[in-house]
Every structure is written in structure tokens, then in C-alpha cells.
Amino acid sequence: LSGMLAIDPATGTLIGRDAASQTRQILKNISTLLASEGLSAASVVKTTVFLTDLDAFGAVNAVYGEFFPSEPPARSCVEVSRLPKDALVEIECVAAC
């Protein structure tokens, strides 16, 4: 899946005022897309997390751990200067069928 922001699918607007809530929405969206293809979080083999503030890593990691409670996929996390729509978090992932 290409990089995803915390977009509300019903309205197309960015939701969440902090990195944790944006991460939760992103992972919810990823879960929905995976399920539409008959896949789950267990199918994800690699993620890349983009943060506008690396100090938010702990909060993002806590939510990430809820989505991937055991055997999390390989992950890279990088700080970037800006994301589309002034989002705080963007996540892309690769899933295997």
C-alpha cells in the first residue's frame, strides 16, 4: 500500500490532532484495505513510518504495537520536514498474499 495519511474515508479529511490518533486512523484504514483483499495485519511484511517529529515515536510505537501485537513486520521510521495535508504521520506497507 502506498503511503497513507489519517484520512476519514467518509469525508476525505485529515483527522486526529496528534501523532497517536493519526496513527490509529492510518492503521484502521490499512486494516480495512487489507481485509478487502482477504489479508490481515499478519500479512504485512514491511512498513515505513514517516514522522514530522521523531519525538512522537513513542506514542506512535504504542499504537503500532496494538495493531501488530506479535511478530511485527520489518519497519523503518524516518523524520521528514513535512507531509501532505500537514499530517504528522504517514505509513506505507508491503503485504504478502
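This is a predicted model: local features need pLDDT of at least 70, side-chain atom pairs count only at pLDDT 80 or more; totals for chains, interfaces and linings use all residues.
Reader: What is the order of helices and strands in the protein chain?

Author: The protein chain has two helices and three strands, and from the N terminus on these elements run α-β-α-β-β.

Reader: Why is the radius of gyration of the protein chain said to agree with that of a compact globule?

Author: For 97 residues, a compact globule would have a radius of gyration near 13 Å, and the protein chain has 12 Å, so the value agrees with that expectation. As for its extent, the C-alpha atoms fill a box of roughly 35 × 30 × 20 Å, taken along the principal axes.

Reader: How do you know which contacts in the protein chain join residues at least 24 apart?

Author: Contact here means heavy atoms within 4.5 Å, and among the contacts between residues at least 6 apart in sequence, 76% join residues at least 24 apart.

Reader: How far apart are the mean positions of the positive and negative charges?

Author: The protein chain has 7 positive and 11 negative charges, and their mean positions are 4 Å apart.

Reader: What is the span of helix α1 set against?

Author: Helix α1, residues 19-36, has 18 residues and reaches 26 Å from its first C-alpha to its last, which is close to the 26 Å expected at 1.5 Å a residue.

Reader: Which residues of α1 are buried, and what covers them?

Author: The buried residues of α1 are A19, A20, Q22, T23, Q25, I26, L27, N29, I30 and L34. What covers these residues includes β1 (44-51), α2 (57-67) and β3 (89-95). An α-helix has 3.6 residues a turn, so residues three or four places apart point the same way.

Reader: Why is L33 called partly exposed?

Author: L33, which lies in helix α1, has a relative accessible area of 36%, and because the term covers values between 20% and 50%, L33 is counted as partly exposed. Not counting residues up to four places away in sequence, L33 touches L1 and M4; the C-alpha atoms of L33 and L1, 32 residues apart along the chain, are separated by 8.6 Å.

Reader: What makes the phi of E71 worth a remark?

Author: Most residues other than glycine have a negative phi. The phi of E71 is near 50 degrees, a positive value in a residue other than glycine. E71 lies in the loop between α2 and β2 (74-79), and its relative accessible area of 77% is over 50%, so E71 is called exposed.

Reader: Where is K85 found, and why is K85 called exposed?

Author: K85 is found in the loop between β2 and β3, and it has a positive phi of about 60 degrees although it is not a glycine. Its relative accessible area is 54%, over the 50% cut-off, and therefore K85 is exposed.

Notes:
Residues are numbered from 1 along each chain as its sequence is written. Side-chain values use heavy atoms; hydrogens and water are left out. Helices (H or I, at least four residues) and strands (E, at least two) are DSSP runs, numbered from the N terminus. The radius of gyration is taken over C-alpha atoms; the globule rule is 2.2 Å times the number of residues to the power 0.38. Lys and Arg count as positive and Asp and Glu as negative; His and the chain ends are not counted. The place of a charge is taken as NZ of Lys, CZ of Arg, CG of Asp or CD of Glu. The expected span of a helix is 1.5 Å times one less than its number of residues. Buried means under 20% relative accessible area, exposed over 50%, partly exposed in between (1.4 Å probe, protein chains only).
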